Amino acid sequence: MELEIAQSTPTAASIAMLVEERYGLGKVVESEFLRRSFNQVYRLGFADGRRVVARLSADRPRGGPNLQFEAAALDHLSRTGCRVSRCVPTADGQIAIEAPLPEGPRALMLFEHLSGEFTGDAAPDIEAFAHGLASLHTAGESYRGPASLYRLDLDYLLLRPLQGLLRAPTMTAELRPQFEELGERLHAAILGLGELGDVLCHGDAHGSNNFIVDDDAHGRRQAVFFDFDEAGPGYLAYELAVYPWILHPRTADGVLGDKAAQQWRHFIHAYRETRPVPDADLAAIPRFMAARQFWLLGEYAGRIPVWGSQAMPTDYLRRQLAMLRKWETLELPL
């Protein structure tokens, strides 16, 4: 009997050997497995001192990785002056290779290594993050490269994740219709807000997919961005909702504290200094915080074959339902 493999975890040493063979960057003298989340991420160091980050893409509820778009978008953003971690091509100019694994081939992609600190609590760092994100969106307006496989619309963010969530083994007959009704109300509420703006979204800009570094040329702090796995065209309001989503307590009785509220104000004021945000998009941000949570629940449901059903037990789902009901009337200070 041959066992089916949901997802294997290659060692850092084996990834190093594969990269040595296919990338022509010289000998790998340092390799480290950094994290296992939706994807698996490694850091590699070469004999000449160069370092890269290797991302081994995993199966996702959406489908395969958005490689062509991601590489082209990063190249475009870099050419327009944005600080991003670009794709590192193979020896023969390919943007990725396939890693042979027991569950089948998976895409391995290399990126430039960045150093710095994640966005902290200090106002200058938050403002640098917001200014940088606004600059990404402005630069994205002139992108004319390969089309994205995915659009960060309500089907992607809400409807499909909801269906995956409803099929989770820990979902109950009692909770299922309540989540369905909640998702339908949220969908209707967002549609009822009218026409909303689009940008080329980073897709996961919560402050820890960028570093804040010193810009010696201008004597101020600047954001450098990485991890564009979720990038694609989509709602501006969703993109701006990711930061307050990470700040807000994820409990039914959670209230945005004074410190978090001030961080949000620093962020949205700094963003609007660089790029305008129409009133309709501002009003939509709290609703998209709820959509973001539905997206996350759908991702967790899709990872059950790898993480197990107790990554989202029934009691957790019950608490999520109570929280999302409170978020139906959530407002953010300005």
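Me: Which residues touch the most other members of the largest nonpolar core?

Reply: A general idea to start with: in soluble globular proteins, nonpolar side chains tend to be buried together. In this predicted model, the largest nonpolar core has 91 residues, and those touching the most other members are Phe179, Leu240, Phe267, Phe288, Phe294 and Leu324. Helix α8 supplies the largest share of this core, twelve residues. Another core, of 20 residues, lies apart from it and includes Val19 and Tyr42.

Me: What is Leu324 in contact with, leaving aside its neighbours within four places in sequence?

Reply: Leu324 meets Phe179 and Leu182, along with Ala290, Gln293, Phe294 and Leu297.

Me: How do I read the packing of helix α8 and helix α10?

Reply: Two packed helices are described by the angle between their axes and the distance between the axes. Here α8 (residues 279–302) and α10 (residues 314–327) have axes that come within 10 Å and cross at roughly 165 degrees. Angles over 145 degrees count as roughly antiparallel, so α8 is roughly antiparallel to α10. Their crossing is left-handed.

Me: Which residues meet there?

Reply: From α8 come Arg287, Met289, Ala290, Gln293, Phe294 and Leu297, and from α10 come Tyr316, Gln320, Met323, Leu324 and Trp327. Sorted by class, this contact has eight nonpolar, two polar and one charged residues.

Me: Is Gln293 buried or exposed?

Reply: Gln293, which sits in helix α8, counts as buried because its relative accessibility is 2%, and the cut-off for buried is under 20%. Not counting residues up to four places away in sequence, Gln293 touches Trp245 and Arg250, as well as Tyr316, Gln320, Met323, Leu324 and Trp327.

Methods
Residues numbered from 1 in each chain as written. Predicted model: local features only at pLDDT ≥ 70, side-chain atom pairs only at ≥ 80, totals over all residues. Heavy atoms only, no water. Axes fitted to C-alpha atoms, helices over the stretch in contact; angles between N-to-C directions. Helix = DSSP H or I, 4+ residues; strand = E, 2+ residues; numbered from the N terminus. Parallel < 35°, antiparallel > 145°, perpendicular 65-115°, else oblique. Left-handed = near helix turned anticlockwise from the far one by under 90°. Contact = heavy atoms within 4.5 Å. Nonpolar A, V, L, I, M, F, W, Y, C, P; charged D, E, K, R; others polar. Core = buried A, V, L, I, M, F, W, Y, C linked by side-chain atoms within 4.5 Å. Buried < 20%, exposed > 50% of the residue type's maximum accessible area, 1.4 Å probe, protein only.
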